[in-house]
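Subject: The structure, and what turned up in it

Hi,

Here is the structure to open up before you read on. Have a look around first, then compare with my notes below.

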Amino acid sequence: MDKPGLTTDATGLTHCTWRTAAPEYPRYHDDEWGVPVADDTQLYEKICLEGFQAGMAWITILRKRAQFRAAFDGFDFRRVAQYTEADIVRLLNDPGIVRNRAKIVSTINNARRACELVEETGSLARWLWAFEPADEERPPVVDMAYWTGNPTSPASVRLSKALKKRGWTFVGPTTMYALMQAMGMVNDHLEGCACRPRIEALRQQFTRP
């Protein structure tokens, strides 16, 4: 019998159960979620999309991701930082994305904050990865009990506070924990998921910025 949060597929491999929740999830779960990221543009995109996801199902954002990329110039934060009120109106009239004014304005604001951070520190990736939690902060076993009981972490709280101090928005502790999971700062594939050891190996091989 599968452990809570795990499902065995027809090939005999066991994965996190959420992988089966939508047709788009297997590729995202297997090839992207938890893979370490060091590219500034990709990281800015992940921050923005996690912000858009607040109060919504992630699958909604994933299904619209291509349209989001087209609407926001590939999440080139230097270009998004130059957006004007006319761009906000354009985005509010784009049916391919989530048309939430506060989240659109936040994306533009965060692009400007990203430009400031890169100018100051040289790299968004280097700054973000400095918040990677120490081993002693991580649970001995990542299981369903850990997942359900920890929508945030001490590290995500620290990251959230640091970003808010710099003027970023839609970067609450829960959103930042989702970012940390997605960008590979933590490996939250459940113990027993076939992807967990591969993701952990990628994390060990990854050169921190």
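One term to start with: two residues touch, or are in contact, when they have heavy atoms within 4.5 Å of each other. With that, take Tyr-146, which, leaving out residues up to four places away in sequence, touches Arg-138, Pro-139, Val-141, Tyr-177 and Asp-188.

Before more on that residue, some housekeeping. This is a predicted model, where local features need pLDDT of at least 70 and side-chain atom pairs count only at pLDDT 80 or more, while totals for chains, interfaces and linings use all residues. Residues are numbered from 1 along each chain as its sequence is written, and side-chain values use heavy atoms, with hydrogens and water left out.

Back to Tyr-146: you'll find this residue in helix H8, residues 144–149. (Helices are DSSP runs of H or I with at least four residues, strands are runs of E with at least two, and both are numbered from the N terminus.) Is Tyr-146 buried or exposed? Its relative accessibility is 11%, so it counts as buried; the cut-offs are under 20% relative accessible area for buried, over 50% for exposed and partly exposed in between, using a 1.4 Å probe and protein chains only. Arg-90 is 56 residues away from Tyr-146 along the chain, and their C-alpha atoms are 42 Å apart.

Now the whole protein. It has 11 helices and 2 strands, and the order from the N terminus is β-β-α-α-α-α-α-α-α-α-α-α-α. The radius of gyration is 17 Å, close to the 17 Å from the globule rule for 209 residues, so the protein is as compact as a globular protein of that length. (That radius is taken over C-alpha atoms, and the rule is 2.2 Å times the number of residues to the power 0.38.) The C-alpha trace spans about 55 × 35 × 30 Å along its principal axes. Of the 209 residues, 49% are buried.

Next, two helix pairs. How do H9 and H10 pack? H9 (residues 154–165) and H10 (residues 173–182) meet at an angle of about 110°, with axes 8 Å apart. Axes here are lines fitted to C-alpha atoms, for helices over the stretch in contact, and angles run from 0 to 180 degrees between N-to-C directions. H9 and H10 are therefore roughly perpendicular; the labels are roughly parallel under 35 degrees, roughly antiparallel over 145, roughly perpendicular from 65 to 115, and oblique for the rest. The residues in contact include Leu-159 and Leu-163 of H9 and Met-176 and Tyr-177 of H10. By class, this contact has 9 nonpolar, 2 polar and 1 charged residues. (Ala, Val, Leu, Ile, Met, Phe, Trp, Tyr, Cys and Pro count as nonpolar, Asp, Glu, Lys and Arg as charged, and the others, Gly among them, as polar.)

The other pair is H2 (residues 40–53) and H6 (residues 101–121), at about 150° with axes 10 Å apart. H2 and H6 are therefore roughly antiparallel. Among the residues that meet are Tyr-44 and Phe-52 in H2 and Ile-104 and Ala-111 in H6.

Asp-73 has a positive phi of about 50° although it is not a glycine, and it is in the loop between H3 (58–71) and H4 (77–80). Phe-170, also not a glycine, has a positive phi of about 55° and lies in the loop between H9 and H10.

Cheers
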